Amino acid sequence: MQTLTPPPAAPVGERYLADCAMALDLALDQAPFYESWRPRDPGQTIPVDARYAALPVLTKRDLRAHMPRGFVPRPRDFQTGIATGEIELVSTSGTSEDRASIVWHQPWWDASEHSAASLYQGLDRVINGSQREAVLTTPLCAGTVCHIGELTQAERTLGRLLFLNQKADPNHWTPADKNRMLEELRLFEPDVLEADPAYLAILARYAAETGAPAPKPRFISLTYEFPSRVHYRQIRRLFPNTPILSSYGSTETGHVFTECEQGRFHQNAAFCRVDFQPFRNGRGAEHVGRIFISILNNPWMALVRFDVGDLIRLSTDPCPCGRTRGLTALAIEGRTRDLTFTVGGEAVTGGQVDRAIGDLEGLLAYQVEQPGPGTYRFRGVVEPAFEKQLFAEAEARLRGLYGDTARITTQRESAIGAEQSGKFRLTRTLFPWDTTDLFEPKGTVS
Ligand SMILES: [Zn+2]
């Protein structure tokens, strides 16, 4: 009689490619939305990376038009899943016009979160499904809870989660609001403080200025939007010894990249695939591009090549932390829609602007606007003692970034307001442009 022995464990790379192939086959064969994509698939005899590269890109508009049923793979059934409680329909963050619903399978989300936590030393021991988390972000929509207005702490507490904020723009927080949140944080003693960096920077600055005792979360995880050097500086002042990391992901994709102890970003390769599309030569910085996310090992939702609207800068050498699985990014570079352009027309990411001016001493918040080609406006919230030299220095550095003939004006502000979505924009153009010809059409790597 033949004895069955288990196959040897596949090496990490093979396991990843097998997961990618399985997710792709499930989507193309079983999820109704992808029927029109099937003719573009070169087939299973071709390497899986080439199959992904041959396919279109999934947009938020596609999600809005075809969620939920288009993305639930057969034989699973959306109504049955809702009835049995295996899934929920959850709203993504953003304004009403760019908000979409997605099929939410809690066990997959938890597994994705736990796996991502293994990419920062010690964090996975804390992210164990019962960690106490305080959340500081827009109250419009945070995970599965949306609320705004005056609620008691009990009403803002969902099991092990505490939602701190109740105002749409943190610039409108009163001292009483800030004292309440700091007090709640101290008493709640969260394992993880999950925060929008712009919001936490404002709260941390207030605490540092008033001498309020610092809360003591075990970890601070920055998420929801691009963390600026300006934010890090203000947060670090209040929390000099707390590990602070940036976590990149979305409601649609789960956890995609985690910043490691060395400050680089590692892909959560067991739960997502990342396809990278660099800028065309001369149209943007080298090794920088946009990313399309496919989710892996989710039995309830097939998401393939979803354009999350963000850019990363690839690392060209191994990270000193030793993690090698999946892509390593030197930085998350901000949103595609927040690109600005040099006088020569080359794209400049939010990350590039932040590296140029984010470390200016005394700078508390900023926004760089580009009203038209070749013209720029720096708006800054500045500590009074630094005002005089800061604006001149910002102008000089922005000229270095955008070009010698850049026409730059500067403007002192008392605050930079949040967008309707509750998020802030560090950079923006005020004229229409599109991404045509910006990125390498065939240059995707993964
Ligand atoms: Zn690393």
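Tutor: Let's start with H287, which counts as partly exposed because it has 15 C-beta neighbours inside 10 Å. Keep in mind that this is a predicted model.

Student: Where does H287 lie?

Tutor: H287 is in the loop between β11 (272-278) and β12 (288-295).

Student: And what is the phi of H287?

Tutor: About 65 degrees, a positive value, although H287 is not a glycine. Most residues other than glycine have a negative phi.

Student: What about E189, what is its phi near?

Tutor: Phi of E189 is near 45 degrees, also positive in a residue other than glycine. E189 sits in the loop between α7 (175-188) and β6 (192-195).

Student: Is E189 buried or exposed?

Tutor: Exposed, because E189 has 12 other C-beta atoms within 10 Å, and the cut-off for exposed is 12 or fewer.

Student: Where are P68 and P75 found?

Tutor: P68 is in the loop between α3 (60-66) and α4 (78-84). P75 is in the loop between α3 and α4 as well.

Student: Now the open sheet of four strands. What is the order?

Tutor: The order is β19-β18-β17-β20, and the pairing is mixed. β19 (407-412) and β20 (427-429) stand at the edges with a single partner strand each, so one side of each has no neighbour in the sheet. From one strand to the next, the twist averages 20 degrees.

Student: How many bridges join β18 to β19?

Tutor: Six, and β18 (residues 375-382) runs parallel to β19. Y376, for instance, has I408 in β19 as its bridge partner.

Student: Which helix packs on the sheet?

Tutor: Helix α11 (residues 387-402), which touches β17 (363-372), β18 and β19. The direction of α11 makes about 145 degrees with that of β18.

Student: Last topic, R15. How many residues apart in sequence are R15 and A270?

Tutor: They are 255 residues apart in sequence, and 8.7 Å apart in space, C-alpha to C-alpha. R15 belongs to helix α1 (residues 12-30).

Technical notes. Residues are numbered from 1 along each chain as its sequence is written. This is a predicted model: local features need pLDDT of at least 70, side-chain atom pairs count only at pLDDT 80 or more; totals for chains, interfaces and linings use all residues. Helices (H or I, at least four residues) and strands (E, at least two) are DSSP runs, numbered from the N terminus. A residue is buried if 20 or more other C-beta atoms lie within 10 Å of its own, exposed if 12 or fewer, and partly exposed in between; C-beta atoms are placed from the backbone. Two strands pair if DSSP finds at least two bridges between them. Axes are lines fitted to C-alpha atoms, for helices over the stretch in contact, and angles run from 0 to 180 degrees between N-to-C directions. Two residues are in contact if their C-beta atoms, placed from the backbone, lie within 7 Å.
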